[in-house]
Each structure stands twice: as structure tokens, then as C-alpha cells.
Amino acid sequence: MLEIRHLQMLSALKRHGSLATTAEEMNLTASAISHQLKELESYYDISLVNRRTRPVSFTPAGLLMLQLADNILPQVARTKSDIRRLAHGQAGRLRLASECHSCFDWLMPILNVYRKQYSDVELDFATGFEPEPHQMLMDNEIDLLITASDLPIDGISYQPLFTYESRLVLSPAHRLASRDTISADALSDQTLIAYPVEESRLDIIAKFLAPAGITPAHIRTTELTAMLIQLVASERGVAALPDWVVAEYERKGWVVSRPLGSGVYCQLYAAIRTDDRQMDYMKGFLGLLDGIKKP
């Protein structure tokens with residue numbers, strides 16, 4: 001029977017050309033190496049080496065086995081190395097999702113740094129519009145969630161990132177743009193343009209309109225921030241975005257923003273499974289997140 005140890009022995013014998021030196025490398029005796037050779041030759045009923053030559057030379061059958069060793073042993077070494085890195089949390093797959101659909105402006109630089117530091121970790125992304133992202137985390141469908149909801153769930157830990165203000169975004173020509181602040185009842189006849197998630201996950205509804213018993217006249221959805229801004233700028237409705245997002249478009253003069261009442265403030269978190277916290281590549285990513293400043 002041909003085993004990995006046989007291929008390793010033949011490969012070492014090719015390098016050294018003698019049974020004695022091969023035995024030293026493999027921490028065996030020369031008689032043990034000779035026994036392995038005889039074991040193989042007896043099993044296949046064919047000679048593999050010419051023992052009378054110095055250094056030892058290989059027969060055609062032996063050369064075939066050497067070719068197999070050259071192909072197989074590097075793969076075995078790589079696999080062992082990968083398994084060791086996985087065992088120590090240095091390699092694996094990190095699947096991300098974000099309920100903050102405008103977070104990629106500050107997240108992308110972090111991902112670029114992380115890829116260089118953890119080249120053996122495969123980064124993957126969920127769309128972020130799933131109905132129950134926290135459940136996806138519990139079900140091992142994702143590994144890290146950027147969220148403003150620190151739901152008390154056993155097995156999930158939250159790392160605070162930063163606080164942001166959710167502001168109402170308007171066309172400069174909108175009638176509400178003349179106000180310094182926006183009351184909840186002022187939005188009862190408005191079309192709200194939002195990302196396609198449950199209403200309870202929208203900051204403006206969960207933290208501003210719903211507590212006041214107000215619902216907007218209509219809700220229109222789009223997955224793209226750029227399209228959302230375009231719809232607002234063309235007076236198709238109003239929207240609510242984090243302050244750092246809307247600031248960019250305000251500087252361009254496309255839209256204006258106003259506080260919602262006395263201000264709607266939200267805390268952003270990185271949520272992970274508690275059991276994953278000690279994994280090396282997860283600690284590395286959380287460490288980079290811990291160093292971020294509010295955009």
C-alpha cells in the first residue's frame with residue numbers, strides 16, 4: 001500500500017542519494033528506510049531503486065513514484081499549513097452584512113487594510129437588505145453585522161462604533177426647507193424615500209414618527225443612495241440619512257438637511273457571535289473597527 005510516508009521517503013532519498021542520510025532527515029534508522037523500500041517493492045512486485053549505484057538511482061517505476069511525490073507532497077504541506085492557520089484563527093472566511101446602507105464609504109478603507117494584514121481570510125458580503133440579519137448571524141449565515149440595533153440576544157456580542165445623527169433630507173426648493181427643525185406631524189403628508197427594509201428598521205420611523213403616532217403618506221424604496229438623493233433632489237419625496245452621508249451632497253448643493261425634532265441620534269455597532277470573539281482574524285477586524293472615527 002502506498003502511503004504519504006513512502007512518498008516522503010522517496011523524495012528525501014532523491015535529494016540525498018543514500019539510505020543513511022535519508023534516515024537521518026526522517027529520524028529513522030537506515031534499516032527502517034531499507035525496510036520501507038522493500039515493503040513497497042514487494043507490494044508492487046517491482047524494483048524502485050538501484051542500490052548498487054552511488055548515489056542511489058531510480059528505476060522507471062521509481063521515477064513514476066517520484067513524479068507522484070513531487071505533485072502530492074507540496075499539496076499536503078499547503079493543506080497542513082492551512083489547517084494550522086484555521087486552528088489558530090489565522091485563516092477562514094469572514095462574511096459581512098450591514099444594516100447601515102451608507103457605511104461603505106468608511107468601511108472600504110478598513111477592508112483594504114484588512115486584506116493586506118489577513119490575506120488568508122476570504123471576505124464576502126451579504127446584501128444587507130435581509131429581513132432578519134441578527135438571525136442570520138445566529139444561523140452562521142454571516143459572521144459580522146454592522147447594525148444600529150443591539151438586540152439582547154444570547155450568543156451575540158456588540159462592539160460600539162460611533163454615534164450619528166439621522167437627519168431629514170430635502171430638496172432646497174421643498175416647502176419644509178425653510179424650517180430650522182422638522183416636527184413629526186409635518187411629515188404626515190410626505191412621501192418617504194427609504195431603503196427596502198422593514199419600516200421598524202428605519203431610524204426615522206422607529207425613533208421619530210412611530211413614537212409620535214405619525215405615518216408618512218407614502219413610502220417609496222430604492223437600494224441605491226445615489227438614486228435616493230436624486231429622487232429627493234427632484235422633489236419626489238423626503239428621506240432620512242446619517243449626517244456624514246448627507247453632508248457630502250449638501251456641499252454639492254443638491255439637497256439640504258434638517259434635524260428631526262430635537263435630534264434623532266443612533267449608535268452604530270459591530271455584532272458578532274460571542275464564541276467568535278477570540279478568533280485571531282475576527283480580533284484583527286474588530287481591532288480595525290475600534291480605531292475608526294466618525295466619518
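The largest cavity has a volume of about 50 Å³. A cavity here is a set of points, on a 1 Å grid over the protein atoms alone, where a 1.4 Å probe fits but cannot get out. Grid points are joined across faces, edges and corners, and the volume is the space filled by probe spheres set on the points. With a threshold of 30 Å³ or more, the count is 1 cavity.

Before I go on, the ground rules. This is a predicted model, numbered from 1 along each chain as its sequence is written. Local features need pLDDT of at least 70, side-chain atom pairs count only at pLDDT 80 or more, totals for chains, interfaces and linings use all residues, and side-chain values use heavy atoms, with hydrogens and water left out.

Back to the cavity. What lines it? Leu96, Ala97, Ser98, Phe104, Leu107, Phe125, Ala126, Leu144, Ile146 and Phe285 line the largest cavity. Lining means having an atom within 4 Å of a point. Strand S3 (92–98), helix H5 (104–117) and S5 each give two or more residues to this lining. S3 gives the most, with 3 residues. Helices (H or I, at least four residues) and strands (E, at least two) are DSSP runs, numbered from the N terminus. By class, the cavity lining has 9 nonpolar, 1 polar and no charged residues. Nonpolar covers Ala, Val, Leu, Ile, Met, Phe, Trp, Tyr, Cys and Pro; charged covers Asp, Glu, Lys and Arg; the others, Gly among them, are polar.

Now the largest pocket. A pocket is an open set of points with protein on both sides within 12 Å along at least five of seven lines. The largest one has a volume of about 560 Å³. Its lining has 33 residues, and Glu99, Tyr164, Arg201, Leu202 and Asp203 lie nearest its centre. H6, S5, S6, S7, helix H7 (203–209) and S9 each supply at least two lining residues. Which element gives the most? H7 does, with 4 residues. The pocket lining divides into 20 nonpolar, 8 polar and 5 charged residues.

Next, helix H8, residues 225–233. Thr225, Leu228, Ile229, Leu231 and Val232 are buried there. Buried means under 20% relative accessible area, exposed over 50%, partly exposed in between, with a 1.4 Å probe and protein chains only. Why do the buried residues of H8 line one face of the helix? Seen down the axis, they fall within an arc of 160°, so they line one face. That arc is taken from the directions from the helix axis to the C-beta atoms. As background, an α-helix has 3.6 residues a turn, so residues three or four places apart point the same way. The face of H8 turned away from the buried side carries the exposed residues Ala226 and Gln230. The buried residues pack against strand S6 (156–170), strand S7 (191–194), strand S8 (218–221), strand S9 (239–242) and helix H9 (243–251). Contact means heavy atoms within 4.5 Å. After H8 comes Glu235, with a positive phi near 60°.

Two other residues outside glycine have positive phi. Asp45, at about 55°, is in the loop between H3 and S1. Asp45 is exposed, with a relative accessible area of 69%. Asn140 has phi near 65°. Asn140 lies in the loop between helix H6 (133–138) and strand S5 (144–147), and is partly exposed at 43%.

The peptide bond from Arg54 to Pro55 is cis, with omega near 0°. Pro55 sits in the loop between strand S1 (49–50) and strand S2 (57–58).

Last, salt bridges. The rule is a side-chain nitrogen of Lys or Arg within 4 Å of a carboxyl oxygen of Asp or Glu. That gives 14 salt bridges. Arg5 pairs with Glu3 at 2.6 Å, N to O. Arg5 also pairs with Glu39, at 3.3 Å. Where do these two partners sit? Glu39 is in helix H3 (residues 30–44) and Arg5 in helix H1 (residues 4–16), so the pair links distant parts of the chain, 34 residues apart. Arg5 is partly exposed at 33% relative accessibility, Glu3 is partly exposed at 30%, and Glu39 is partly exposed at 34%.

Elsewhere, Glu248 bridges to Lys252, with the closest N and O atoms 3.6 Å apart. Glu248 is partly exposed at 28%, and Lys252 is partly exposed at 43%. Finally, a network of salt bridges links Arg95, Asp143, Arg273 and Asp276.
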